[in-house]
2 protein chains.
Amino acid sequence: MNDTIYTYQQLYQFALNVFKSMGCSNEDATLATSVLLSADLRGIDSHGIARLVGYVRLWEVGRINPTPNIHIVHETPSTAVVDGDKGLGLVVAPRAMQIAIDKAKQVGTGWVSVKNSNHFGIAGYHAMMALSQDMIGMAMTNASALVAPTYSAEKLLGTNPIAVAVPAGKEAPFVADFATTTAANGKLEIAQRKNEPIPKGWAQDAAGHATTDAAILKKGGALLPLGSEKEQGSHKGYALGSIVDIFSGVLSGASFGPWAPPFPAYVPMPENMPGEGLGHFLGAMRIDAFRPAADFKNNMDQWLNRFRTAQPIEGQTQVYVAGDIERSMEGARMKNGIPLVAEVVKDLSELATKLSIAF
Amino acid sequence: MNDTIYTYQQLYQFALNVFKSMGCSNEDATLATSVLLSADLRGIDSHGIARLVGYVRLWEVGRINPTPNIHIVHETPSTAVVDGDKGLGLVVAPRAMQIAIDKAKQVGTGWVSVKNSNHFGIAGYHAMMALSQDMIGMAMTNASALVAPTYSAEKLLGTNPIAVAVPAGKEAPFVADFATTTAANGKLEIAQRKNEPIPKGWAQDAAGHATTDAAILKKGGALLPLGSEKEQGSHKGYALGSIVDIFSGVLSGASFGPWAPPFPAYVPMPENMPGEGLGHFLGAMRIDAFRPAADFKNNMDQWLNRFRTAQPIEGQTQVYVAGDIERSMEGARMKNGIPLVAEVVKDLSELATKLSIAF
C-alpha cells in the first residue's frame, strides 16, 4: 500500500480552497467541504476527496453552477420540490434536507424531492442532519446508469443509494447508508487497481452472464442489483433502485433511468433527457410526531443493545448495527489521519498546481 | 401437483363466512376477505387463504379481537400512531392506510405507525390503496424473528416486507412488494413439502454456515437477509429489515426485533415483550404535492416503458417492472381460478367442519 496520510485539517483546507476558487461563497464552500470529507472520515473513500477533481471538471464544462439560486418550485405543508439550479449536490442536498427538517417541525414530517442537482457525496451525511433534531432522516439520490435490472442486458439504473438515520438515547444511533447494488462501483475500481478478480454476483458481462472481471463495465458489462441473481432476490434490489430513481428523478422532474447525467465530465450527456439534472429525495420525521421522544429512545436503546450484543456466528466476534463500522472509522481517522492512495494524491497535486493552491 | 382449483368467488364466500363466525362485523369481514384473497390472486400463496386457519387459531387463543376499537393514539397534521386493539391486521392496516391517505389530502403526505396489530396479509394491498388517489403508497410490517442479521447466529428480525406502489398514466403502475430476505419463508416450506434442497444463500445453520437444508429453521437455523452473505451485501438487507422493524415497531410502541409476536398460535409469546403486538408502517404521498400529476404520469409512463422494453439477457424474453408478474397472475387467476395444494384444502375442510360452514 503506497498510501500517504493526511490530517483531516489538511484535506479540509485544500478542498475549501478548491471550492472557493470555483467561485463558491465562503458559506457554500464550507458546507461542500464538510459534506465531501465526511465520506473520507467514514471510510467511504470513493465518495470523498478522490472525487474533488471530478467536481472541478464538471464546473469547467459548465455543468456545475458555483453560485446557484437554490429555490422551492412547489410546496405543501409537508412537501417541496427544490430546483438546485445546477449547484453542487454537496450544497443543494443539505439545503433541501434543511427544508425537510423545517417542515417536519411544523407538521410532523417533511419530504423534499430535488431536481437540477449533481452528485451529493454520501447519502448518510444528509440523513444524519436529522439526528440532532430528534428526527429520523432519510436521503436518496439517483445516479448515472451502471446497473442492469434483473434479466436486462442494458444498464438502466445508477447505484442509487438509500440512507436512513435514527436517533437513540444512550446508544450510538442507527445509520444505514448503502448502494442498492450488490457492490459499489468503488469496489470494482479497487479490484481493477490491484488487478484482482471480483466475487461472483457483483457484475454481469454484456450478454448477461456472471463474471469475475473487475473491468467488465468498460466492456459492456453492468453492476448487479442487491441480490445478484433472480434466485437470490436481485428483483428486490432492482425494485429498490427503481424506487430511489422514481422518488429522486420522476417525482422532482430531474432526469431518470438511463438518462441520468454521468459524473465524469468527459462522458457525453444522454440524448433526449426527460428532465433537469440529477435528482435527490430527502425526508425528515419528527420522533415526537409519533410518540414521546424519551419513550422512543428507551426502546431504540433496547433495540440497538440487543442487536449489538447478539451471539456471533463461528469465526466472527461481533454483530454490528448499521453505521457502527463507519462511526469507528470516523473516530480513528479524525485522530490518526486519512490515507490517500497514490493516484488520488497525484490527481490532487495536479489540481493544486492548476488552481495555484497549496497542497 | 395435486392442486384443486377454486373460483375466487368460492374462496371469497368461505373466508367471509369464517371471519363472520369469528364475530367480525360484516364490513370488517368483507375488508379482511378482500385483503387476504388479494394474496391468492397475485400468486403470493403463502399469505392468502392458506393462512386463514392460522388467523382462526389466534382468535381462539384470544390474541385476535374480532371487534377492535381501532383508534388514533397521537397525531400531527402528517402523522399518526394507531392502536389496532388486537384487531386483524387485515382490517387494521387498511384503516390505518386510509388515515395516511386522508392526511396526504390535507398536507401532502401522511405517515401512520401502527401498534397492537397482527399479520396484515400482503403489504402490496395496502400500498396499492393509494394508486386510485394519484398518490404513492407505502406499507411495511415487522414479523416474528426468523432472520439472522449479518454475522449473527441468533434470529432477530422478521422477513419484514416493504411495498411501494406508484401510479402511472397509460402504463400499468409500479408495485414493488418484497420481503427483505433473500427468499421468503414460504419458499422454504414449498421445498420442504417437495423434499428438495434450497439454493445456497437462502439460509444458514445454527452455527452460521451456509446450508441447502430446507428444514433448517426447525434445527436452529435462520433465513438470511437480502444479499445472503456479507460479500454479496447481506448487511444491506439486514439494514432494510432493521428499518422496517424500527418504523413499524419502535416508532409505534409495538414489540420489535426478537420480541415480535409469532404468527403460529402454538408458539409461546416471547418473554418481557417491550411493546404491544405487531407493528406496521403506512405512508401516502400525493403526487401533486410535488408536481402536476399529469407531468409526473407522462414521465412515469416513459420510465415504465423504457424498462419494460429493455433488451433482455441471453435466455430471457422480457424485462419486468415490479408488480408485472403479480398483475398478470391476478388476471389469470380471476379468470381461471385459484389452485390450492392438498394440505390447504384439508386445513380448510377441517375448518369448515369445525365452524359448520359450507366449503
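# Briefing on a predicted two-chain model

Chain A contains 10 helices and 12 strands, where helices (H or I, at least four residues) and strands (E, at least two) are DSSP runs numbered from the N terminus. The radius of gyration of chain A is 20 Å, close to the 21 Å that the globule rule gives for 359 residues, so chain A is as compact as a globular protein of that length; the radius is taken over C-alpha atoms, and the rule is 2.2 Å times the number of residues to the power 0.38. This is a predicted model, in which local features need pLDDT of at least 70 and side-chain atom pairs count only at pLDDT 80 or more, while totals for chains, interfaces and linings use all residues. Residues are numbered from 1 along each chain as its sequence is written, and chains are lettered from A and ligands numbered from 1 in the order in which they are written.

**Chain A: overall form and domains**

- Taken along the principal axes, the C-alpha atoms of chain A fill a box of roughly 50 × 50 × 45 Å.
- Of the 359 residues of chain A, 58% count as buried, a residue being buried if 20 or more other C-beta atoms lie within 10 Å of its own, exposed if 12 or fewer, and partly exposed in between, with C-beta atoms placed from the backbone.
- Among the contacts in chain A with a separation of 6 or more, 63% are accounted for by residues 24 or more positions apart; two residues are in contact if their C-beta atoms, placed from the backbone, lie within 7 Å.
- Chain A is divided into domain 1 (64–181 + 230–290 + 297–341) and domain 2 (183–223), with bounds that come from an automatic or database domain assignment.
- The C-alpha centres of domain 1 and domain 2 of chain A lie 24 Å apart, and eight residues of domain 1 are in contact with 10 residues of domain 2.
- The side of domain 1 of chain A that touches domain 2 of chain A has five nonpolar, two polar and one charged residues, where Ala, Val, Leu, Ile, Met, Phe, Trp, Tyr, Cys and Pro count as nonpolar, Asp, Glu, Lys and Arg as charged, and the others, Gly among them, as polar.

**Helix 7 of chain A**

- Helix 7 of chain A (residues 234–250) has 17 residues and reaches 22 Å from its first C-alpha to its last, close to the 24 Å expected at 1.5 Å a residue; the expected span is 1.5 Å times one less than the number of residues.
- This helix is mostly covered, since 17 of its 17 residues are buried.

**Relation and interface of the two chains**

- In chain B, 70 residues are in contact with 70 residues of chain A, and the side of chain B that touches chain A divides into 38 nonpolar, 26 polar and six charged residues.
- Because 100% of the interface residues of chain B are also interface residues in chain A, the copies meet through the same surface.

**Positive phi in chain B**

- B:Asn160, in the loop between strand 5 (135–141) and strand 6 of chain B, has a positive phi of about 25 degrees although it is not a glycine, and B:Asn160 is buried, with 28 other C-beta atoms within 10 Å.
- B:Asn272, in the loop between helix 7 and strand 11 (278–286) of chain B, has a positive phi of about 55 degrees although it is not a glycine, and B:Asn272 is exposed, with 7 other C-beta atoms within 10 Å.
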